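Visitor: Please pick one part of this model and go through it closely.

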Amino acid sequence: MTVSLRVLVAVHGYEPSDWVRETGRLVATWTAPLVRVLATLDVPCPPFTALTPAARRAYGAARMHWTAIERSRLQNAVETLRPVLPAQVDVVEMPAMGGDLARTIAGHARTWAADVLIVGAPPPGLRSWLKPGPVHERVVRLATCSVVVATSRRPVGGAQRRVAAVLHPALAEHRA
């Protein structure tokens with residue numbers, strides 16, 4: 001009996017533009033994987049301190065608008081990714097818990113019992129370290145499964161890296 005490899009592809013919207021090709025190449029290396037795409041919404045959640053109903057409505061309207069913008073941004077990323085994935089792909093949308101993308105992604109991978117988690121690293125630069133921060137590094141630390149980080153093809157410091165994999169010991173034993 002063959003058990004399908006459970007592959008979770010995390011989309012946070014800050015991936016490099018060329019990560020789609022790398023992700024498709026990685027998924028194609030596995031035989032009949034069960035693939036799920038997790039679109040993690042990064043919606044700001046400033047503290048609500050006003051007591052008036054008008055302020056509450058304005059706050060709610062602002063959050064709904066931010067959510068719609070984020071949903072649209074992630075939908076574009078997911079639609080770009082779909083052609084390189086198998087035909088049967090489950091797409092799940094989830095807001096970042098407490099604004100923490102990495103914890104949300106790692107938690108969903110744990111809950112869904114993913115064998116492999118593919119996450120994109122933001123392109124190198126100052127902006128990627130300010131917002132959203134090194135999501136991929138935190139995911140590697142928090143995940144309980146193997147993690148593959150799809151990076152930008154642009155050379156950093158003269159070296160060209162496309163992917164970096166961190167194999168979870170349990171998966172390595174399973175493969176042996």
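Guide: A charge sits over a ring if NZ of Lys or CZ of Arg is within 6 Å of the ring centre and within 35 degrees of the ring normal. In this predicted model, local features need pLDDT of at least 70 and side-chain atom pairs 80 or more, while totals for chains, interfaces and linings use all residues. Residues are numbered from 1 along each chain, and side-chain values use heavy atoms, without hydrogens or water.

Arg6 lies over the face of Trp112, 4.2 Å from the ring centre. Helix H3 (a DSSP run of H or I, at least four residues) spans residues 101-112. Its axis, a line fitted to C-alpha atoms over the stretch in contact, comes within 8 Å of that of H5, residues 135-142, crossing at roughly 40 degrees. In the contact (heavy atoms within 4.5 Å), H3 supplies Leu101, Ala102, Arg103, Ile105, Ala106 and Arg110, and H5 supplies Val135, Arg138, Val139 and Leu142.

Conventions. Axes fitted to C-alpha atoms, helices over the stretch in contact; angles between N-to-C directions. Helix = DSSP H or I, 4+ residues; strand = E, 2+ residues; numbered from the N terminus.
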